[in-house]
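These are my notebook entries on a structure that I consulted for the first time. I set down what I looked up, entry by entry.

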Amino acid sequence: MFETSLALPDDLQSDVRARLAGWRAADATQRLWNKDALLWTGADEPKWLGWLDEATAQCAALPGLVRFAAEIQKEGTTHAAVLGMGGSSLCPYVFARTFGPVPGWPRLEVLDSTDPQQIRHFEASLDLPHTMFIVSSKSGSTLEPNILRDYFLSRMKTVVGDKAAKHFIAVTDPGSQLEKQAMKDGFRMIFPGDPEIGGRFSALSNFGTVPASLAGIETHRLLDGAEKMQLACRGSDPATNPGVLLGVVLAAAAAQGRDKLTIFASPEIGEVGAWLEQLIAESTGKQGTAIIPVANERVGRPDVYGKDRLFVHLVANAADPQSDAIRALEQAGHPVVRFSLTSAYDLGAEFLRWEIATAVAGSLRHINPFNQPDVEASKIATRKLTDEVERTGSLPAEEPFHAERGIKLFADQANRESISKAAGAGTLVDLLRAHFARLGSGDYAAVLAYVEMTSEHETVLQSIRHRIRDRKHVATTLGFGPRFLHSTGQAHKGGPNTGVFLQVTADDAQDLPVPGHRYSFGTVKAAQARGDLAVLDERGRRALRVHIGKDVGAGLAALNQLIQEAVS
């Protein structure tokens with residue numbers, strides 16, 4: 001059970017053996033479960049290790065949660081709608097996409113965006129009088145879930161009147177701002193977070209189990225698998241310990257420059273990559289080092305990949321259509337790690353395996369994997385801009401350094417000079433070509449799109465990232481803003497200066513006001529994009545912003561064509 005299949009080059013296999021021996025000699029597994037701070041940096045790591053035993057704690061609390069879920073079901077609730085961001089939304093997002101609607105139970109939906117169109121479409125997908133909203137925020141002070149709560153609470157008051165608050169529950173840490181507001185507003189229920197579990201490690205806590213249970217997902221099966229993984233990961237032999245072995249492989253590969261962890265998953269569990277991205281990037285992307293997760297990528301030919309890759313294949317179906325292409329990577333000498341899942345409910349076990357692996361990799365890379373020092377930088381930059389809107393009514397004016405074909409380019413002085421010098425008095429294509437020419441061996445290209453998350457938009461953006469990968473032979477990532485700010489954004493700013501960033505922004509065809517504020521959701525999204533770019537610039541990153549106007553579909557199609565020319 002929980003076997004790991006490793007196909008590693010000889011030099012990497014040798015390094016893994018040596019590190020396993022060192023881990024064993026240091027009795028490090030026991031020290032992990034004893035919560036020994038010196039296993040990492042000797043800082044506050046022990047106060048963030050509550051997740052190690054959370055599966056057992058949740059099993060004890062599950063009967064009460066199941067009874068509550070049954071009450072909600074009997075009342076005719078049709079939708080369970082999560083309003084969250086990052087660690088409070090990505091696990092429910094994986095559950096919603098993996099298990100789909102369970103017959104007879106509320107449909108699980110997740111909103112983790114400030115894009116006005118996405119909010120409108122999300123609202124239109126709900127039967128508001130029969131919806132239970134789950135406002136989910138560990139700290140209780142995160143901007144996005146708070147303004148989404150304000151918006152939907154206002155909307156529900158127009159639909160059901162003074163019963164609106166009874167359509168809301170909160171998941172948050174005790175004593176948080178959200179808990180206080182939920183009590184004041186009269187929310188139906190407040191489920192506590194564990195102060196000793198960080199957001200990205202909270203999948204098996206109330207942040208994951210409450211939405212799952214309300215949607216009729218068999219939460220006990222997820223927790224049962226996690227408890228079995230917990231027992232296996234207490235094993236003293238690191239070579240047979242599922243979590244420790246994976247963590248050692250991740251650390252050894254990164255030490256050899258194979259720091260682009262490329263995750264392939266069977267279609268049935270394909271969205272697990274979104275959760276893994278946050279766990280890995282936010283935990284390891286700091287102090288100028290990172291393991292860069294690459295998720296939702298189409299498998300390429302072996303020759304498009306460099307020696308900076310480690311591939312992981314999570315197999316939930318023996319007939320996975322990617323299997324042959326991944327075997328070709330292995331036969332070409334690329335390192336491949338495989339895990340076999342018997343069903344989607346094995347995700348409970350995988351969550352814990354990867355959490356332990358991340359903690360182990362952090363130990364071996366001499367970092368604290370439980371903090372996120374650079375995420376706050378973007379929040380501060382965004383807050384400055386939204387505060388200015390509250391004072392003045394608008395964001396500061398800005399001027400592009402190039403405009404052509406309805407597309408505008410923005411960059412700080414250093415990036416503008418670098419790109420313009422290489423492009424000369426060039427066209428839009430020349431400037432894009434100069435930007436991507438800055439990609440070198442071991443770099444990665446990140447497409448950061450502040451547009452609505454739709455399948456149509458994602459298809460075009462995936463085409464862009466794969467074209468860059470195949471032409472430049474570098475790793476590529478795709479993130480939708482502001483979601484990625486609470487995920488891979490930490491690695492972008494705190495990790496190594498190996499990213500080349502293309503930020504994509506657009507005007508909103510129709511905005512939405514935020515109740516009680518002078519700013520709108522569109523303004524918040526624009527401030528988040530500007531704040532993100534400002535921090536990338538401060539960190540000396542190679543970044544370019546492309547603004548495509550109001551017609552997002554047409555703008556993305558035009559950008560796709562321009563990039564095809566630029567990287568050909």
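Entry one: a buried arginine. I looked up Arg 465 and found it buried, with a relative accessible area of 1%; buried means under 20%, exposed over 50% and partly exposed in between, with a 1.4 Å probe and protein chains only. I located Arg 465 in helix H17 (residues 455–472); helices (H or I, at least four residues) and strands (E, at least two) are DSSP runs, numbered from the N terminus. The model is predicted: local features need pLDDT of at least 70, side-chain atom pairs count only at pLDDT 80 or more, and totals for chains, interfaces and linings use all residues. Residues are numbered from 1 along each chain as its sequence is written, and side-chain values use heavy atoms, with hydrogens and water left out.

I then listed the surroundings of Arg 465. Its side chain reaches the backbone oxygen of Thr 476 at 2.6 Å. Not counting residues up to four places away in sequence, Arg 465 touches residues including Asn 296, Glu 297 and Thr 477; contact means heavy atoms within 4.5 Å.

Entry two: a neighbour of that arginine. Asn 296, which Arg 465 touches, is found in the loop between strand E8 (292–295) and strand E9 (309–315). I noted that phi of Asn 296 is near 55 degrees, a positive value in a residue other than glycine. Most residues other than glycine have a negative phi, and most peptide bonds are trans. At 31% relative accessibility, Asn 296 counts as partly exposed.

I placed Arg 405 in the loop between strand E11 (402–404) and strand E12 (407–410). Arg 405 is exposed, with a relative accessible area of 56%.

I found one joining Gly 481 and Pro 482, with omega about 5 degrees. Pro 482 lies in the loop between strand E14 (475–480) and helix H18 (489–494).

Which residues of H4 meet H11? I recorded Leu 90, Cys 91, Tyr 93 and Val 94 in H4, which meet Val 272, Ala 274, Trp 275 and Gln 278 in H11. Trp 275 also touches Phe 351 and Trp 354, among others.

Definitions and conventions. A polar contact is a pair of N or O atoms within 3.5 Å; within protein, one must be able to donate a hydrogen and the other to accept it, and residues adjacent in sequence count only if both atoms are side-chain atoms.
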